Amino acid sequence: MVRRFSKFPKKPADWVPPSAPLSMRKQVFLPDFTIALIRTPFLPPRYASFYVPLNFNKLDMRDYLKRLYGVDVLSVRSYVEQQKVTRLRPLGKFGYGKLRRPMSKKKMTVEMKTPFVWPEAPADMAPWEYEQFHKAAKYQNDIQDKQRPDAGMKANTDERDAYAEEAKKLLDGSKPWRPTWQALGLSYDRTGLGKSSTSS
């Protein structure tokens, strides 16, 4: 007797197809907003501040902390920070763009039942690739600056610094001067003239 193997695993007994109505399926509700906890060393341990969406109210904040983190909240204070008027900077020039006001930010300060103390910042940031992150950000900014329309009007500071360093070495005598063809290892001997151009 030959046993036949199925290509597909057996479905569990409580399996429901995706086409089933919502009342039969398990529904998972995930938040569609972002809340940022602010480091506030000047506040007492039982107070914490958050940046929340503008449509977030105090009841939402209380319910969010209770259901997600199990934190009991005694009181909530909210404040909308109006941002300063700024000016757009086309081509990186000051005073040429239109005036605009960035979107306001809403901050909430909650009083918790149990105190919370911020942990100390780690002294060694190597596990989080701190230096690599800033190097990548600087590299991206340099690439974007080179692709700007007015990039051709700016001097190449890297080449300028390299030339200045080489000139400094030649002036103080730490590096001897050689013609370019000698530095590249080329030979311009003129045997037909009876004298080598490399001879002194």
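Tutor: Accessible areas come from the Shrake-Rupley method with a 1.4 Å probe, and for residues only the protein chains shown count as cover. On that basis the chain exposes about 18,200 Å², and carbon and sulfur atoms supply 57% of this area. The model is predicted, with local features needing pLDDT of at least 70 and side-chain atom pairs pLDDT 80 or more, while totals for chains, interfaces and linings use all residues. Residues are numbered from 1 along each chain as its sequence is written, and side-chain values use heavy atoms, leaving out hydrogens and water.

The chain has four helices and six strands (DSSP runs numbered from the N terminus, H or I of at least four residues for helices and E of at least two for strands). Along the sequence these elements follow the pattern β-β-α-β-β-β-β-α-α-α. Of the 200 residues in the chain, 12% are buried (under 20% relative accessible area, with exposed meaning over 50% and partly exposed in between, for a 1.4 Å probe and protein chains only).

S49 counts as buried because its relative accessibility is 4%. The side chain of S49 is joined to that of T109 by a polar contact of 3.1 Å (a pair of N or O atoms within 3.5 Å, where within protein one must be able to donate a hydrogen and the other to accept it, and residues adjacent in sequence count only if both atoms are side-chain atoms).

If neighbours within four places in sequence are left aside, S49 is in contact with A36, L37, I38, T40, L43, M108 and T109 (contact meaning heavy atoms within 4.5 Å). The C-alpha atom of T40 is separated by 9.8 Å from that of F50, a residue 10 positions away along the chain.

To return to the whole chain, residues 24 or more positions apart account for 53% of the contacts with a separation of 6 or more.
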